[in-house]
Amino acid sequence: MKRDSVESAPVALTIAEAARRLAVSPMTIRRLLARGELTRVVIGRSVRVLARSVEELAERGGISHGK
């Protein structure tokens, strides 16, 4: 079976990867997860951040105030 040479973007990111994408600290990502500003996926004992939620946060210009 032939594999495409182009890899698709990951669906889920580690906390460190999400932090790098947003240019913030891993602690900030953890706080955003705790407040529900980012969507987490738990796989076994690993926490991942949905890449889509990282992109949406960046597109809307940050966190939503007034929850």
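Guide: Before we start, two strands count as paired if DSSP finds at least two bridges between them. Helices (H or I, at least four residues) and strands (E, at least two) are DSSP runs, numbered from the N terminus. This is a predicted model, where local features need pLDDT of at least 70, side-chain atom pairs count only at pLDDT 80 or more, and totals for chains, interfaces and linings use all residues. Residues are numbered from 1 along each chain as its sequence is written, and side-chain values use heavy atoms, leaving out hydrogens and water.

Visitor: Which residue in the turn between β2 and β3 has a positive phi?

Guide: Strand β2 covers residues 40–43 and pairs with β3 in the antiparallel sense over four bridges. The two form a hairpin with two residues between them, and the one in the turn with a positive phi of about 65° is G44.

Visitor: Which residue in β3 does A12 stand opposite?

Guide: β1 also runs antiparallel to β3, joined by two bridges. A12's opposite number in β3 is L50.

Visitor: Why do the buried residues of α3 line one face of the helix?

Guide: Buried means under 20% relative accessible area, exposed over 50%, and partly exposed in between (1.4 Å probe, protein chains only). In α3, residues 51–59, the buried ones are A51, S53, V54 and L57. Taking directions from the helix axis to the C-beta atoms, they line one face because they fall within an arc of 165°.

Visitor: Which exposed residues does the face of α3 turned away from its buried side carry?

Guide: The buried residues pack against β1, α1, α2 and β3, with contact meaning heavy atoms within 4.5 Å. The face turned away from them carries the exposed R52 and E59.
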